[in-house]
Amino acid sequence: MLVPLSWLQEFAALPKSATPEKISDAFVRVGFEVEGFTVTGKEITGPIVIGKVKSIEEITEFKKPIRYVELDCKEKKPRFVICGATNFVVGDLVVVALPGSVLPGGFAISARETYGKTSNGMICSTKELGLSDESEGILTLAKGAAKIGDDAFEVLELNDVIFDIAVNPDRGYALSIRGLAREIAGAFAVKYIDPALTAKAAKLRAKASAGKVVKAKISDGKDADVMYLRTLANFDPKAASPLWLRRRIEKCGMRSISLAVDVTNYVMLELGQPLHAFDAAKIAGTLKVSRASKATKFATLDGQERTVTAADLLISDDKKVLALAGTMGGLDSEVTESTTALAIEAIRFNSVAIAKNARNHKLSTEASRRFERGVDPELAEIASLRATSLLVDLGGADYVGVATAGKVPAKRSILLDPQFPGEILGYAITSATVSKQLKSVGCGVVAAAGKKLKVSVPSWRPDLEEAIDLVEEIARTIGFDSIPSLLPPRPVSTGLTQTQARQRKVGALLADLGLYEVQTYPFVSEATMKVFNYTGERAATYRIANPMADDAPLLRTHLIPGLVQAAERNLGRGARGFGLFEIGSIFRKTIAESAAPVISTSVRPSEAVIKKLYAGVPPQHQHVGGVLVGAAEAEGWQGKERNYSWSDAISFALKIIESTGLTATVVRSDFAPWHPERCAELQVNGKAVAHAGELHPRIIAAHGLPERASAFVVNLSALPETGVIRAQAITTMPVAVQDLALVVDGSVAAGEVMATLREGAGELLESIELFDRYDQLGEGKISLAFTLRFRAADRTLTTAEVSALRETAATLAAKRHGAVVRSA
């Protein structure tokens, strides 16, 4: 919101030492973000005065209209200037820049010869004075707005400071001079004058004979609390907005339109209550807050024809729709140059209803932004009274009377222990300070039973609901920077849990192996689920109510889609051979959605409430996944290029499991999104915990990945917890190595054979490794070659012992898998 300092100073007695920088810092200190400030008038120097047009000579021999204008600037003799604008007449008051003055942009004014005449100065537009970015011609002042020869700096209030303040959604009251003046007065601890109290004190005498009061009605109390509708008659439609009013709304970023509209905008900026002026002659019967009974078309003030339905909150009469409630008026009831009867509407709408109006019609306005954030319910009466008084004074209108509907909600109060703020903030705060700070934001504070304080919540602060909210206000007004930075007492940390330690260890392992860690969004599209062939339980997930992107409304059930998309993106940016990994949660819909309970923050929730809260949170398993694309080893003097293959994916998955102190068994699998013939399942204690292999050709083609791109996923949550891993004793005895090649059917998994050999070789087997697989034997046979390492802790094994162990292992493999020892 744009806020002029001159207007703030009318209600907050800021000290003379308060520079724009100090004021900005004070706003920030009490919780507002100051985007910046602009010092107006600093680019203008020299004599700029108010002049009166005495005569106009039209010069017609040029292509564009040129005028030679005689001006009375209260000097010894008239002044003549050349001007190309035509929007002024003899008798108008204008702003004249005299020779020697400098306008914004370094535009120096001097007497000069042009169009065969001497131009001794310049008549200024609002753009030339830096008052606006656009200009419709020369700036003219209303009769009586200033005297001839007056200093234009004072008349136009050119010297000012405009602050650009960002207001948080829960601070709707601050979208007004009233609210911000209260905040800055509290920040400087100076006197504050509430403009609402001044406006409420105004006296209006109704003239019933001047016309008929328009009736008011709220059809549903859920849509609006209170409504004030004041009727005026004999309004002068030609009455212009006074300069002071125009300048104030212009400084706040709004343009002057007409007196009736300017007054409603002025009061909205001053007090924070949006108003709307209707042409009372165009209202048929009662003006009411209602919803459309059927789809209806009507035109808003921006000239757009809109279709309203029962989902929209409207202002209508007995025959037609007149406005989109709290958002924008309609053309059918617009105040025009012939309007003489006005109906000034002030309503406190339901904020959610107005937010829906704005979003349904993609129409965010100054009014809707205020209603969405919440408007003081007591302002409907006061703001309508303020606007009516101004229209009576400035537009010559007669006040006919007021119609009301609904009522102002009862005020709320909160019991506060004066020790509670200090306990929360971590340092001592006296009861007197608590009362002082709460009063500075508009709260009423009185003593209550039990040494507590009864805090009356101001009507403009619906966000203050509990004691903890009051603590935030106290901290904010004291200044967060004044709160000591002390660490709260905590028990000695127990360190990382086994799950946390495991995740860190796995991440470090994969990074050490040359993979790059990424973080992908946990959102996927339905199309992605189909491409990756997730079905059944693996496709059961949750739909996000308000997704970041409309094309990705589902929570992921697997890490691979995000990793594949990340690989595709990196390939498109020039990367070639690389491996990516991610550690993150996946989401499976194993329980139905349920509404989360609303939990108070003033007291600790009961165990039953906590249990219910966690019961509604679906399980979120931790997975680690990786994608391997392109070259694993680049071609060089050491050898040829080697691409990643599905065996690399299996190796990474095995290393992850082994790093946790567990041993996995590798078995064949056919599991989406992997290639049906090149997919392995890794089991721990007979339970599947991981899958790895080559990605399905359909996925590789869909995402433009290199051939044989592979992937792995390990379910970290499924890995059983292990005790402390203790290093084995280092023996000095030599190792005995035996190689064993077995011929088996091609359908037999190498992992199964390896497990059998390990069992048959006995306790002296230190390790076993598959070092060769040959599949060119024919007849569906393959050869698997293993290296077996034997070692005893207390002696050197003899050749006979080692050979016997080798034969025992081979015999067991022959019995279980039909393996035959290969001799050549």
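I count rings of Phe, Tyr and Trp (its six-membered ring) as a pair if their centres lie within 6.5 Å; planes under 30 degrees apart are stacked, over 60 edge-to-face, and the rest tilted. The model is predicted, so I take local features only at pLDDT of at least 70 and side-chain atom pairs only at pLDDT 80 or more, while totals for chains, interfaces and linings use all residues. Residues are numbered from 1 along each chain as its sequence is written, and side-chain values use heavy atoms, without hydrogens or water.

Entry one: aromatic rings.
I looked up the aromatic pairs and noted 12 by this rule. One of them is F349 with F371, edge-to-face because the ring centres are 5.0 Å apart and the planes stand at 80°. F349 is in strand β23 (residues 342-349) and F371 in helix α9 (residues 366-373), so this pair ties together parts 22 residues apart in sequence.

Entry two: D317.
I located D317 in the loop between β20 (313-316) and β21 (321-324). Helices (H or I, at least four residues) and strands (E, at least two) are DSSP runs, numbered from the N terminus. D317 is buried, at 3% relative accessible area. Which residues does D317 touch, not counting those up to four places away in sequence? I listed K282, I283, A284, T286, K288 and L322 (contact means heavy atoms within 4.5 Å).

How values were computed: Buried means under 20% relative accessible area, exposed over 50%, partly exposed in between (1.4 Å probe, protein chains only).
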